[in-house]
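Subject: Structure handover

Hello,

Here is the structure we talked about. Please open it alongside this note; the findings follow below.

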Amino acid sequence: MRRGLVIIFLCIALLGGGVAALIAAPPIEIRQLWNVRLDRVLGFSCFAVAVLAGVGGTLSLSLSCRTLTKKVAALSITSRTSLLESPHPDLQALSFAINDLTEQARQVVERAMLQVKELEIQLKVATAERQHAESIIYSISDAVLVTDPFDELVLANESAARTFDFDVVTSSRKPVSQVLRDPKMIELIQEMRQSNSRSGRRIVEHHVRTPQGGRTFKVTLSCVSDQVQGHAAPGSNGHGPSSIPGPQMPTGVVAVLHDMTKEKEVAEMKNDFVSSVSHELRTPLASIKAYIEMLIDGEAEDVKTQSEFYEVIQNESNRLSRLIDNILNISRIESGLVKVNKQPQSLTVIVKEALEVISPQASQKNITIKEQLTPVFYQTLADKDMLYQAVLNLLSNAVKYTPEGGTLSVDTLVDETKKIVITRISDTGVGIPPKDLPFVFDKFYRAEANNRMAKGTGLGLSLVKQIIEVVHKGRIFVESHVGKGSTFGFELKMEE
């Protein structure tokens, strides 16, 4: 630009100098000068005009280029404003091309921005769904393990961490062989991944040694995989049913472990219960049936023998009735269907009533009964019939397992500090071996050492425990020494 201006000024100076020389010369010399220098002046003038014309074109082109440059630099791709067309004919085509390119770039950027917004929305939705799925998994009580195609732990809940004793945070993205110390569980996960089974699942039973002890789990294993988005079928737009599914990615594994330890214990208890009940019911029924057959066959010829047979049948019938009543009562208490009528009751009165019923049996074995009872005004909130049955069962057991000439002591105490009333029933019987003490309140349990001492079903103490602890929220206890006797007792809250 500066060079063009210098050339213009030089041309103007030359042309002005020639004109000035013609004007300043004398008249005689003017003609000579005119004749002599006319050609030179005209030559210089033409040269100056030509230079000015060239420089003018160059300046116009330069100015147009600069204008276009500024326009392009200042143009926003997202703007819909087009570049101004250059007035210079040589730059019009360039201006049009730049305008078209700018419009195409703007459209591409707009589409890209829309795609970015869609991806951001999809990412937010995917993140929310993932957090929701994780919340569900973390809230599940069953243990859940999720691994990727490389057998690395992707996700696990607190239940799984407690079961296999690992830290959820530090164990993420680590191989399961380093996280789990259970070779069988690792083998199950690897076998399921290698099978690549995308349909169906595998259910196995697995025993796990947990920090809380041995537990039995039902393990449900399933494969999970991500399907690569398929390509569009010919003639389709890449969406809808015309899209062909892509190949399956390598599979990971989801393992859900349901703790069925309690269920197995209940099932075993149920089987044992049915077996024990069947045996206990069969014994009195067999006796009743045998004596009835003997009566029918005429084996009891005299009245005395018939009376003995009738007494045996009556005793066995009563035993059968008590067994059925105990089973029904325990079942009702455990299921919560028993009707409880709690009212303020004097424990001393209930114990006296039970002693009156059990005294004849004690007298037959020459057993001495000692009483030490509290005043009747100390009361507890209780169901009288159920509490009476519990006391009667304890007294009956004490009489059955005490040899002739023994002693039975019954005490009721009051602890005003703890606001409780206590009943203790002690005997001088055979006692219970230490190994049997933890199980004496279990259904149908009887100490083997005392089976020959007296008949029983093993339900009496179990019913007492249900009445005291479940119905009345009290506490039952036992103390025993082999050959010296046993003490059964219970505590109940005192009515204020």
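Helix H11 covers residues 460–471. Its 12 residues reach 16 Å from the first C-alpha to the last, close to the 16 Å expected at 1.5 Å a residue. The expected span is 1.5 Å times one less than the number of residues. Helices (H or I, at least four residues) and strands (E, at least two) are DSSP runs, numbered from the N terminus.

A word on the source. This is a predicted model, in which local features need pLDDT of at least 70 and side-chain atom pairs count only at pLDDT 80 or more, while totals for chains, interfaces and linings use all residues. Residues are numbered from 1 along each chain as its sequence is written, and side-chain values use heavy atoms, with hydrogens and water left out.

Back to H11. Its buried residues are Leu461, Ser462, Leu463, Val464, Gln466, Ile467, Ile468 and Val471. Buried means under 20% relative accessible area, exposed over 50%, and partly exposed in between (1.4 Å probe, protein chains only). Just after H11, Lys473 takes a positive phi of about 55°.

Next, helix H3 (residues 89–139), which holds Thr127. A polar atom of the Thr127 side chain lies 2.7 Å from the backbone oxygen of Leu123. Thr127 counts as partly exposed, because its relative accessibility is 35%.

Now the salt bridges. The rule is a side-chain nitrogen of Lys or Arg within 4 Å of a carboxyl oxygen of Asp or Glu. The count comes to 14 salt bridges.

- Glu371 pairs with Lys352, with the closest N and O atoms 3.7 Å apart. This pair links distant parts of the chain: Glu371 sits in strand E7 (residues 368–372) and Lys352 in helix H9 (residues 347–364), 19 residues apart. Glu371 is partly exposed at 47%, and Lys352 is partly exposed at 41%.
- Lys435 and Asp436 meet through their side chains at 3.4 Å, N to O. Lys435 is exposed, with a relative accessible area of 57%. Asp436 is buried, at 2%.
- Glu491 pairs with Arg475, the closest N and O atoms being 2.8 Å apart. This pair also links distant parts of the chain: Glu491 is in strand E12 (residues 485–493) and Arg475 in strand E11 (residues 475–481), 16 residues apart. Arg475 is partly exposed, at 41%.
- Glu103, Arg106 and Glu110 are linked in a network of salt bridges.

Best wishes

Methods: Polar contact = N/O pair within 3.5 Å; in protein donor to acceptor, adjacent residues only side chain to side chain.
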